[in-house]
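I have set them out as numbered points.

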Amino acid sequence: MEISDLSEIIEENNEDENKELEDQDGSKKPDDPQKEQKTKNKNQLNNYVAITVVLFVTFMGLCQVKSGNVVQAMQKAQADRIDTWSFYQARNMRAEIAKSTIAQLKLQALAAGSPKVLAEYGKEIAKYEAIAAKQDNEKEKLQQQALDAEKLYEQLNVHDDQFDLSEAAFALAIALLAMTSLTQKGWLYGAAMVPAAFGLFMGLAGLLNWDYHPEALTKYLSDNTTHNTDHKISTLPYPQLKSTNL
């Protein structure tokens, strides 16, 4: 069945309903203009609701595309952050092992009386000192890379929150528009524009990379969903972990 067939069926049903109303209310002809005006107002309000919903859904679709890209970038940044901290810890372990070996070699060199043996110890100590210095240098680079990845993740998370709030606001607005169509209350249409305006602002903030972030609202929602536990686990980044000599 095509769309034109559906429109013809709807028109036929409307004509049948109008005929039935005319047959039932034939004695109330003076009220016909009022009924026609009410029907016209109802159709006009429904048209406004339909057009508004289409606009909202279209904007939400655009935001959904950008939100998907943001989520993918967040996943990549998070993976890079974890991998980089793992490499950092590996470099840190190598540096600590090299430093521990240097300390042992120096103690053993004190017990050696032969200059030749001392020279051999000196070569080994210099070798492990170079290894320790290289690992420390690489470790600092990895630390900076991990911090950059963490900063990027936080920035992307702001935009992800913006799209989430925009979607929630538009969902509320569409629900109010549905109630408007059912109840034919014009003030509900105006009430739907309030969350819609907030959703439009947050969606534009995400699309245009604005830095606006409702900290109080997002913190309240996140605290009540993910951080409201009896026993909180504290996690520290790798640079704050104290290493021990092996």
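Which residues form a nonpolar patch on the surface, and with about how much accessible area together?

1. The model is predicted, and local features need pLDDT of at least 70, side-chain atom pairs count only at pLDDT 80 or more, while totals for chains, interfaces and linings use all residues. Residues are numbered from 1 along each chain as its sequence is written, and side-chain values use heavy atoms, with hydrogens and water left out.

2. The surface patch consists of Leu200, Phe201, Leu204, Leu208, Trp210 and Tyr212, which together have about 520 Å² of accessible area (Shrake-Rupley method, 1.4 Å probe, with only the protein chains shown counting as cover for residues). Patch members have over 30% relative accessible area and no salt bridge, nonpolar side chains (Val, Leu, Ile, Met, Phe, Trp, Tyr) being joined within 5 Å and like charges within 9 Å; a salt bridge is a side-chain nitrogen of Lys or Arg within 4 Å of a carboxyl oxygen of Asp or Glu. Leu204 is found in helix H4, residues 186-207 (helices are DSSP runs of H or I with at least four residues, numbered from the N terminus), and is partly exposed at a relative accessible area of 30% (buried is under 20%, exposed over 50%, partly exposed in between, with a 1.4 Å probe and protein chains only).

3. The largest nonpolar core has 13 residues, of which Phe56, Val70, Phe170, Leu177 and Ala196 touch the most other members; such a core is a set of buried Ala, Val, Leu, Ile, Met, Phe, Trp, Tyr and Cys residues joined through side-chain atoms within 4.5 Å. Helix H2 (32-111), helix H3 (115-183) and H4 each supply at least two residues of this core, and H2 gives the most, with six. Apart from it lies another core, of five residues, including Ile102, Leu105, Ile125 and Ala132.

4. Five aromatic pairs are found in a search of the whole structure (ring centres of Phe, Tyr and Trp, for Trp its six-membered ring, within 6.5 Å; planes under 30 degrees apart are stacked, over 60 edge-to-face, the rest tilted). The rings of Phe56 and Phe170 have centres 5.1 Å apart and planes at 55°, so this pair is tilted; it links Phe56 in helix H2 with Phe170 in helix H3, 114 residues apart. Phe56 is buried at a relative accessible area of 11%, and Phe170 is buried at 2%.

5. The rings of Phe201 and Trp210 are also a tilted pair, with centres 5.8 Å apart and planes at 45°; Phe201 is partly exposed at 35% relative accessibility, and Trp210 is partly exposed at 34%.
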